[in-house]
Amino acid sequence: MANLSSIARPYALAAFEYARDKQQLPEWKAFLESASCAARQPTVIRLLDNPELPSAKAFDLFHEVLASQLDTERKNFLRLLSQHKRFNVLPEISDAFNALYAALEKTSKVRVITAVEAEETFRQKLAHVLAKRTQRDVMLHCEVDPAIIGGAIIHIGDRVIDGSVRGKLNRLLESLTD
Amino acid sequence: MQVKQLSPTEISELIKQRIEHFDLKPEIRTEGTIVSVKDGVVRLYGLADVMQGEMIEFAEHTYGLALNLERDSVGAVVLGRSDHLSEGQTAKCTGRILEVPVGEALLGRVVDALGNPIDGKGAIQAEKFSPIEKVAPGVIARQPVSQPMQTGVKAIDAMVPIGRGQRELIIGDRQTGKTAIAIDAIINQRDTGVKCIYVAIGQKASSVAAVVRKLEEHNALKHTIVVVATASDPAAMQYIAPYAGCAMGEYFRDKGEDALIIYDDLTKQAWAYRQISLLLRRPPGREAYPGDIFYLHSRLLERASRVNAEYIEKLTDGKVKGKTGSLTALPVIETQAGDVSAFVPTNVISITDGQIFLETDLFNSGIRPAINAGLSVSRVGGAAQTKIMKKLAGGIRIGQAQYRELAAFSQFMSDLDEATRKQLERGQRITEVMKQKQYMPMSVAEMATVLFAADQGYLDDVPVNRIAIFEQELISYLHANYGEFVERINKTGEYNDEVAQKLRTILESFKANQSWD
C-alpha cells in the first residue's frame with residue numbers, strides 16, 4: 001500500500017490545512033470518512049476500476065451519495081479527485097487526514113487485547129497511565145483474545161507492549177531452547 | 001566435536017538458573033506488517049523507528065536485514081528461506097545489527113554466511129560475536145605495511161610481493177588459476193601462525209567441497225575458516241558472506257595476530273547485490289549495478305589493514321602489548337574475456353594496492369601460474385619483502401615484461417643480434433623458473449636458491465626443458481645437505497656476501513655432483 005499512501009499524502013495535507021484554517025476539521029473528517037466508506041464498497045471499487053467509466057460519472061455518484069455533507073469546497077475537492085481519477089485513494093486520504101488530526105489534537109488510538117473482557121475501572125486506569133506515558137489523550141479500543149491466556153497486549157501505533165502470559169511463555173521457551 | 005554427556009542434574013540446574021534469571025517484565029517492541037514477499041525481498045508497513053541495517057525478526061525465527069527505509073514502507077532482505085512468510089504477518093524490530101560468531105573455535109570449520117556450521121562437526125562454541133559491518137580502523141590506528149606475507153608462489157613473491165595488511169587483487173578469466181593461487185597462499189601459512197579465512201561466494205558447492213578437501217589433505221584446514229555462500233544460497237547470504245568473513249578475520253587482527261582473507265569471488269557478490277538492489281527497486285546505473293556498488297567493495301576492503309600496537313593495546317585492554325595486527329585481503333575478480341575495464345574490475349583495481357593479472361593465453365601455453373608480468377603490480381609489497389628476495393628478485397618483473405614484448409616482436413625478425421638473442425634466452429629461462437606446480441608452495445630459502453641460480457647464470461647451460469627437473473633436484477639437494485642454512489634463511493631472510501658465497505658453494509657442488517637429465 002506504499003504507493004497509495006504516497007499519493008494520498010498531498011491530498012490529505014491540503015484538505016487538513018484548509019479545514020484547520022477554516023476551523024471545519026470535524027466536518028471534513030466526517031466527510032472524508034463517509035467518502036472513504038463509499039469508496040470501500042466492493043461495487044464501487046469495481047465501478048471505479050472500470051476504465052470506460054467517464055470521470056464525470058464517478059463524480060456524480062459521489063456527489064449524490066454525499067450530498068448532505070457537501071459545501072462548495074468539498075465539492076471542489078471531489079471534482080479534483082475526479083479530474084485526477086483518484087477516488088480509489090479516498091480511504092488512504094481519510095487515514096492520513098485522521099493521522100494529522102490526531103497529531104494536532106494530541107490523541108492516539110490504542111488497541112488493547114486482553115484474555116477476558118476488561119472492566120471499566122481497569123480501562124480507565126489504563127487510559128490514564130497510557131495518557132501520562134504518551135503525553136496524549138488516549139482512545140482505547142479493547143479486544144478480547146483468550147489465546148493470550150492472561151495479561152494484556154497494548155498496541156500504540158507501531159509500538160507493542162506485550163505483557164501477556166502467552167508472550168512470556170514464548171520468551172521463556174526461547175530462553176530455554178536457545 | 002564430541003557431544004558432552006550431561007547428567008540430569010546439570011540440565012535441571014541449568015534450567016533452574018535460566019528460570020531464575022528470566023525477565024518477567026513486559027516486552028516492548030516495534031511491530032510492522034508484511035505487505036509483500038517476493039524473491040527473498042520483503043516490504044513492510046510500519047516499523048517507523050527501524051534502523052538501516054537492523055535485523056528484523058519474522059515468523060519462525062527467520063531474520064531479515066532492513067536495507068531500504070522509505071517514507072511509507074521498509075524494504076528488507078530475508079536471510080534464509082522465505083517460503084513460510086506471507087502477506088499480513090507481523091515482523092519485529094530487534095534493535096541489533098547482524099552479528100556472527102568469531103574466535104579460535106571457528107578455525108578448521110566450514111560455516112555459512114551467518115556463522116552456522118555446515119560441516120557436520122557439531123555446534124561451534126564461540127565465545128564472542130561481532131557485527132558484520134564495522135567501520136575500518138582510522139588513520140591514527142594504522143601502521144605501514146612492512147612484513148611480508150609469503151604466498152609460497154615464486155612468481156608472486158618475486159614479482160608482485162604481498163605485505164601483511166595489503167589488499168592484492170587476483171584477477172583473470174575463468175579457468176586461469178585464481179583459486180589455485182589463493183589455496184596455495186593458505187597452504188603456505190601452515191607454519192607461519194597466520195590465520196586464514198576463505199570466503200566462497202556464489203560458487204558451486206562441489207568446488208567448495210573440493211577446496212575444503214584439498215586444504216584438509218595439505219593439513220591447512222586447522223588454521224583456516226571457510227565461509228560459504230554457494231550459488232544456491234539466497235542472494236542476501238551471498239551479499240553478506242564477505243562481511244561475515246571479514247568480521248572473523250578482524251577478530252585475529254584486533255588481538256595482535258596476522259590473518260589472511262580470500263574473497264572468492266567479489267564479482268559474484270556484486271551480482272548478488274545487484275539482484276537485491278533491483279528487487280528493492282533502487283535505480284540501476286552502469287551495467288545495472290546500483291549507485292553504491294563502489295562503496296560495497298571499498299568499505300569491505302578498507303577493513304583489511306595493518307594496525308599499530310597502541311590500537312591493539314587499547315582494544316584488548318592492555319592484555320596484548322607491543323604487537324601489531326594485520327588482515328591481508330586477497331579479493332578475487334573474474335573477468336569476462338579478459339575485459340579488465342568492465343565496471344566492477346576497474347572499481348576493485350582502484351581500491352586495492354595492486355593486482356595479480358592472470359591470462360588465459362599464458363595458462364594455455366603452459367605458463368602456470370599464468371601471471372602477466374606487465375599488468376601485475378604490487379603497490380606496497382616491495383617495502384615488505386625480505387632482504388634476500390628483494391635482492392634476488394628485484395629486476396625480474398620488469399625483465400619478464402620486456403622479454404614478453406621482445407619475444408612477440410622477435411617472431412617477425414629473421415636474424416637477431418647477439419644482445420637480443422641473449423635477452424631472449426634469459427627471458428625463456430626465467431619464465432621457466434617462474435613456473436610452479438599447484439599445492440607446492442615454496443619457502444623463502446628454496447625460492448632464493450632457485451632465483452640465485454637464475455640470476456648468477458647457473459642455469460645458462462641447462463636446457464630449457466630440463467629446468468623444472470633441475471629445480472626439483474636442487475631443492476631436494478638443498479634440504480638434504482644444508483638444512484641449517486635453509487632454516488636460517490627462512491627465519492631471517494638476510495642477504496650478504498656470506499650468504500651469497502654459501503649459495504654459490506651450494507650451486508657449484510650441486511652442479512658438480514648431481515644429475516638432472
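Just after H14(B), B:Gly457 has a positive phi of about 80°. The model is a predicted one, in which local features need pLDDT of at least 70 and side-chain atom pairs count only at pLDDT 80 or more, while totals for chains, interfaces and linings use all residues. Residues are numbered from 1 along each chain as its sequence is written, and chains are lettered from A and ligands numbered from 1 in the order in which they are written.

Me: How far apart are the end C-alpha atoms of helix H14 of chain B?
Reply: Helices (H or I, at least four residues) and strands (E, at least two) are DSSP runs, numbered from the N terminus. The expected span of a helix is 1.5 Å times one less than its number of residues. Helix H14 of chain B has 12 residues, 444-455, and should therefore span 16 Å, which agrees with the separation of its end C-alpha atoms, 16 Å.

Me: How many of the residues of H14(B) are buried?
Reply: A residue is buried if 20 or more other C-beta atoms lie within 10 Å of its own, exposed if 12 or fewer, and partly exposed in between, with C-beta atoms placed from the backbone. The buried residues of H14(B) include B:Glu446, B:Phe452 and B:Asp455. H14(B) is largely enclosed by the rest of the structure, because the number of its residues that are buried is 12 of the 12.

Me: Which helices of chain B do the buried residues of H14(B) pack against?
Reply: Two residues are in contact if their C-beta atoms, placed from the backbone, lie within 7 Å. The buried residues of H14(B) pack against these helices of chain B: H2 (154-159), H11 (387-393), H13 (418-434), H15 (467-481), H16 (483-492) and H17 (497-513).

Me: Which element gives the most to the side of chain B that touches chain A?
Reply: The contact takes 21 residues from chain B and 16 residues from chain A. On the side of chain B, helix H1 (8-20), strand E1 (27-38) and strand E2 (41-46) each supply at least two residues. The element that gives the most, with 7 residues, is E1(B).

Me: Which residue of E1(B) stands opposite A:Val160?
Reply: Two strands pair if DSSP finds at least two bridges between them. Strand E4 (residues 159-162) of chain A pairs with E1(B) in the antiparallel sense over 4 bridges. Opposite A:Val160 stands B:Arg29.

Me: Is A:Phe16 buried or exposed?
Reply: A:Phe16 lies in helix H1 (residues 2-22) of chain A, and, not counting residues up to four places away in sequence, A:Phe16 touches A:Phe97, A:Leu100 and A:Tyr101. Because 23 other C-beta atoms lie within 10 Å, A:Phe16 is buried.

Me: Is A:Lys106 buried or exposed?
Reply: A:Lys106 is in the loop between helix H6 (90-105) and strand E1 (107-114) of chain A, and has a positive phi of about 55° although it is not a glycine. With 11 other C-beta atoms within 10 Å, A:Lys106 is exposed.

Me: Is B:Leu47 buried or exposed?
Reply: B:Leu47, in the loop between E2 and strand E3 (54-57) of chain B, is a residue other than glycine with a positive phi near 50°. With 23 other C-beta atoms within 10 Å, B:Leu47 is buried.

Me: What is the form of the peptide bond from B:Arg368 to B:Pro369?
Reply: B:Pro369 is found in the loop between helix H10 (360-364) and strand E17 (377-378) of chain B. With omega near 0°, the peptide bond from B:Arg368 to B:Pro369 is cis.
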